[in-house]
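Me: I want to learn how to read this structure. Where do we start?

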Amino acid sequence: MEFFIQILIAAVVMGTPLLFATLGGVISERAGVINLGMEGLMLVGALVAFVVMLNTENYFYAVAAAALASGLVSIIHGVVCLMLRASQIASGLALTFFGTGLSGLFGDKLTGETVEPLSRIPIPGLHAIPVLGPVLFNHDVLVYFSYICVGLSWWLLYKTRLGLNIRSMGEAPEVCDSLGLSVMGYRFFALIVGGMLVGIGGAYFPLALTPFWVDGITGGRGWIAVALVIFAFWDPVKALGGAYLFGLALALELRLQVLGIEMSPYFLKMLPFVLTILVLTLVTIRNNRRGIQVMPAALGKVFFRGEKH
Amino acid sequence: MLSAALLLVLLISWFFFLAVGIEPFAAYKIIGEEIFLTKYGWQDLLVKMTPLMFTGLAVALAAQMRQWNIGAEGQFHMGTFAMTWVALNFDGQLPGGMLIVLMFIMAMIGGGLWGSVPGYLKARFGVNEIITSLLLNYVAAAWIDHLLFGPWRDPVSNNFPITREFSPEAQLPNFGNTSIHAGLIIAFIFVAIIAWVLWKTQLGFKIRLTGDNPDAARYAGVNIRILTILVFAASGAIAGLAGFSEVAGIHYRLQQDISIGYGYTGIIVAWLARNHPLGVIFSAFFMSIIFVSAEVLQIEYGLPISMVYLYQGIILFTALGTDIFTEYRLRIKRFWPKAGDN
């Protein structure tokens, strides 16, 4: 039982960066902008958070700077694929290259440096609940912040006019345009807010998971988040479940050996990626069979005013 | 396109060098001298160009059908896996020359099977091929690590994660005294083959038709499912050959970091070539200059090689961003039209 709880705790911790990134992906894709640059954005967020942390030793500054930097870098993606109408897929890949290079170049000198990881703050009262308490309410601040972000994203997307408009941009931008809404404006907004969340997800790596710098610190989690957006059916609340499921796979990777299961560590490394492919395939089959179209209808489509659609 | 990209790279490098505290002119001079004025510079350009031609061609072939193969990196690795298996197990058991031929075929099969996985999932279930092909890169990399740290590690390597060196039969010949090897010739042959297939055969016509208009292709009786799997398999096989050419042409053994991002760079090579096989020759050469320059900077100034990715990102962003100007013409007009203007 104790071991089981330990695994679940680790699942939440490992799932947190995925959760932030998936939420960011959900918001920008709901507005119709695919962001394949999530891996790059996470790396930018991780690098900036680490550098700011080294210099100021202030977690708030580190997270804020990571969000700001990733938001700014997302603007490049927006300019290229929204204003200059290039392929969102190619532009997103360029973003991944860009972020990987940036973090590799400026992180090179930081290899081996360490920071103090975020400490756990149990929530009074709640953390004493059996099982749920330690699993959900005995974590660092960023985990709690991710809970808030899930609620906020849900509220934003489903309960506000702004969210309704954002979702409409992903379904029928030409209708929005004819109603006098700025497609470009809303898409930029969603892309930047989404990018900031992805950056916070990246910041979680050096601030909590691995409090030292290694090249490619996110290790492909940004790409898992790209798949998780689909798995979560573009819904912030389902993103929570998806992120923790994959957090569980990542936690198992670390703890399977404790159970006495002999396995090459490299096979365990493959596990989350193989699982992602499997789950993505199953979800796609399920959607095909039920004939449901959950993907935002205008996702990835170039919109330009005055052009026939 | 390429000359514009080159100018851009020079311009960005200027700021970049200033940012990291390097005198730009001195850096340009060193790069220019090291690459174009030394014998080794030229050789290195052609050596680095070889895998980029293969991976660029692989991505371009899939892109002709509007399919994204982001998995060339993993297909490269699975190609090296399959050929190394032959080189280690059939050494000395095959008549002369057969070993390297078998390695060549196995590299294509290894890369091709790995590439056909996203192709199959896309064709059969409609699973997004971008995500699956990319995720398989991480799986392939872990598989190679498993072999190098486990069963394939050379017992006399002092615990380095490398296999034993292949016998001379399993090595591609070099040109005279240079480091340029036969892989370059194979790359050119494959560029010619793919160009021929795409524009001179019915199969190629079907691929291009499906890329331009899948509905029209379906009405014309093209089996898009089979074609998708086939194109992904072929694309993977070509990426696998990049691995073959690197291992059999340069390293003569399997080890870590054989691909310094050649598979990912293939995406940019293909994009700059507008997915045209012949264009791949030039864009591979161009990207090779970036790689070799980065190496020079690494040696001279201690800058990390990962800045190649930064440049690739900037080049791709710019190539994408300027596409609009080839499709639309800029016209400067008065904002408030006067009577008589239309």
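Reply: Start with burial. A residue is buried if 20 or more other C-beta atoms lie within 10 Å of its own, exposed if 12 or fewer, and partly exposed in between, with C-beta atoms placed from the backbone. By that count, 50% of the 309 residues of chain A are buried. This is a predicted model: local features need pLDDT of at least 70, side-chain atom pairs count only at pLDDT 80 or more, and totals for chains, interfaces and linings use all residues. Residues are numbered from 1 along each chain as its sequence is written, while chains are lettered from A and ligands numbered from 1 in the order in which they are written.

Me: Which residues of helix 8 of chain B are buried?

Reply: First, the general idea. An α-helix has 3.6 residues a turn, so residues three or four places apart point the same way. Helices (H or I, at least four residues) and strands (E, at least two) are DSSP runs, numbered from the N terminus. In helix 8 (residues 202-212) of chain B, the buried residues are Lys206(B), Ile207(B) and Thr210(B). They line one face of the helix, because they fall within an arc of 100° seen down its axis. The arc is that of the directions from the helix axis to the C-beta atoms.

Me: What covers the buried residues of helix 8 of chain B?

Reply: Contact means C-beta atoms, placed from the backbone, within 7 Å. The cover includes helix 3 (39-64), helix 7 (183-200), helix 9 (214-219) and helix 10 (224-251) of chain B.

Me: How many residues of chain A are in contact with chain B?

Reply: 40 residues of chain A are in contact with 35 residues of chain B.

Methods
Contact = placed C-beta atoms within 7 Å.
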